[in-house]
Every structure is written in structure tokens, then in C-alpha cells.
Amino acid sequence: MFDRQRYGKILVPLVTPFAEDQSLDLRRARALVRYLVDSNNADSLVLTGTTGEFHTMTFDERVRVFELVHTEFCAEIPAIAGVGCASTIETIALAKKAEQIGFDTIMVVAPYYAKPNQRELYDHFRAVSEAVSLNIMLYNIPIFTGVNIDPDTVASLSKLRNIVAIKEEAELNPKQISAFLNATPDDFIAYNGDDTMILEAYAQGGAERIGGVISGASHLLGKRIREMIETFLAGDISVAAKEQQRLLPVFRVMGQNNRTNPVALWKEGLRLAGVDAGVPRLPLSRGTKDEIAEIRRVFDSLSLLS
């Protein structure tokens with residue numbers, strides 16, 4: 001059974017630290033998780049997702065991240081293993097590794113590059129569902145996969161025994177969360193995957209159907225975002241709205257110069273805040289001097305570095 005309360009409202013999609021030579025840096029990863037636990041910026045972690053640059057990682061590297069976090073931190077913070085791969089066979093293999101390591105829940109992105117149709121998407125997720133006993137969170141991010149998991153498909157998938165939730169990258173299709181909720185049982189949970197849409201997601205599903213936000217920004221802003229959500233759910237809409245307005249420039253600055261995946265600049269932002277999360281893996285590149293200066297300007301305007 002999926003225990004949504006265990007994962008809380010602030011799920012941080014852990015950035016994966018890489019060293020200057022582009023190798024996986026588990027020392028920095030360990031320190032980053034320790035920072036997130038001690039700072040209370042995360043209720044739980046999501047490993048090797050988009051913000052974790054999974055698409056540039058090998059199978060074995062992803063397993064090493066799973067093993068590190070589960071072995072060293074499972075008593076302190078829950079974690080969900082992102083196991084999505086381009087092929088069904090590799091997704092199943094990684095899902096089985098996550099199950100062997102001891103995870104309860106996995107996140108499975110729609111296959112990318114192949115652009116499967118809706119029947120093929122259903123068959124892919126069903127095959128993963130049948131291969132493991134873990135809870136499965138679907139991950140819909142058409143901007144990267146090239147395909148949308150349509151509400152009718154989600155409705156069919158929600159009938160499977162262990163498909164329990166969906167992460168929706170909400171800004172490009174802001175009402176689709178409502179469509180997912182209308183198409184699925186009351187115990188099927190939607191997670192907002194877009195920092196710019198936190199309150200909008202809760203406005204559509206309320207605390208009963210919205211599990212929380214899977215938020216890259218929460219590496220630094222988790223406590224503020226948690227407070228904003230609680231303020232909104234307590235009914236003080238105006239105060240929560242003003243906080244979201246204040247935070248929007250932070251979310252936007254990480255996508256400057258058409259950086260579709262903001263992880264490279266989040267790593268620069270973390271570095272400005274004194275947290276070393278390594279460098280991005282090529283082809284993603286480090287921030288330029290001008291980009292870093294703009295991040296600093298936005299951070300200073302919100303006293304994030306004080």
C-alpha cells in the first residue's frame with residue numbers, strides 16, 4: 001500500500017554531483033544528502049530523475065546512487081528511485097535492482113526518443129508493473145520525452161495493482177492535473193513536478209489528491225515552499241500567493257538562455273549558497289559569468305545568501 005504521508009509534501013529530485021572530470025562524485029552526493037537532511041529542506045528524495053541528469057548516467061551509476069542513499073540515509077529520509085529508461089527491458093532491470101536494494105516506490109518516466117503511442121505507453125508501464133511489487137509513480141514530462149501520457153491512459157493504468165501516482169510537469173498543460181484526477185480513483189495521487197505551479201496544483205486537487213511538489217528549487221527553498229503550501233492549505237490564500245510571486249524570479253532565472261533543464265544553474269545556485277553539488281555532465285554546461293551574476297542578483301533580492 002502506498003503511504004503518501006511517508007514522503008511528505010516536499011520531494012527533492014536530488015541533483016547528481018559530477019566531478020570536474022565528469023565522473024560520478026559520491027562523496028559530494030553524500031554531503032548533499034546530509035545537507036538536505038540537516039537543513040530540513042526535504043521531506044523525501046527522488047533519485048536519478050531529470051534534475052538528477054539520469055539521461056547521461058549509466059545503469060551502474062544509477063544503482064550506485066540508489067545504494068548510497070538507501071544504505072546510508074534510509075533511517076533519516078525516505079527516497080524514491082527514478083528507474084525510467086529509454087527501453088522497457090532496461091527500465092524493468094533497473095526497477096528490479098531498486099526492489100532488491102529495498103525501495104518501496106519507484107518513479108517511471110515515459111520512454112523517451114521512441115515517441116510511443118498511447119497503447120505502447122500502456123504496455124510499457126504495465127510490463128514494469130507486472131515485473132515488480134513496488135509502488136509505481138508515473139512521470140509525465142512531454143517537453144523531454146516527446147509524448148504525453150493522456151488522461152485515458154492514466155485511467156487505465158490506475159487500475160493496475162501498484163500504479164498509485166503520477167508526477168505531472170504541469171506548466172505546459174496546466175489543467176491536465178484536473179483531467180488526471182477526474183479519470184482516476186480517489187486514492188490515486190498527483191504530484192506537481194513544476195516549481196512554478198505549486199499553488200495551482202493544490203487549487204485543482206486539494207490536500208486530498210495532491211501529494212506534494214517534486215521540486216528542484218527545494219534544494220535551497222524547501223522550508224519556504226513547505227510553509228507556503230501549509231499557508232495555502234490553511235486558507236490564507238493571499239499570503240501564499242504573495243510568496244509564490246516572490247519566488248517566481250528564482251524559478252525563472254534557472255532557465256535563462258533557453259536552458260530547458262535548469263539543473264546546471266541550480267548547481268551554480270547551490271554553490272553560491274555554500275553547497276557544493278559538483279558540475280553538470282556534458283552536454284549540459286556550467287553557468288557563465290553573466291548567468292551566475294544574474295542568479296546572484298535574484299538571490300540577493302530575496303536575501304537568499306544572507
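The model is a predicted one, in which local features need pLDDT of at least 70 and side-chain atom pairs count only at pLDDT 80 or more, whereas totals for chains, interfaces and linings use all residues. Residues are numbered from 1 along each chain as its sequence is written, and side-chain values use heavy atoms, with hydrogens and water left out.

The largest pocket has a volume of about 610 Å³, and of the 27 residues that line this pocket, E169, E171, D194, T260 and P262 are the closest to its centre. For the second largest pocket, the volume is about 260 Å³; each volume is the space filled by probe spheres set on the points, which are joined across faces, edges and corners.

Helix 12 (residues 263-272) is mostly covered, with eight of its 10 residues buried, where buried means under 20% relative accessible area (1.4 Å probe, protein chains only) and helices are DSSP runs of H or I, at least four residues long, numbered from the N terminus. Its buried residues, including W266, K267 and E268, pack against helix 10 (218-233), helix 11 (237-253) and helix 13 (289-301), with contact meaning heavy atoms within 4.5 Å.

Notes:
Buried means under 20% relative accessible area, exposed over 50%, partly exposed in between (1.4 Å probe, protein chains only). Helices (H or I, at least four residues) and strands (E, at least two) are DSSP runs, numbered from the N terminus. On a 1 Å grid over the protein atoms alone, a cavity is a set of points where a 1.4 Å probe fits but cannot get out, and a pocket is an open set with protein on both sides within 12 Å along at least five of seven lines; lining residues have an atom within 4 Å of a point.
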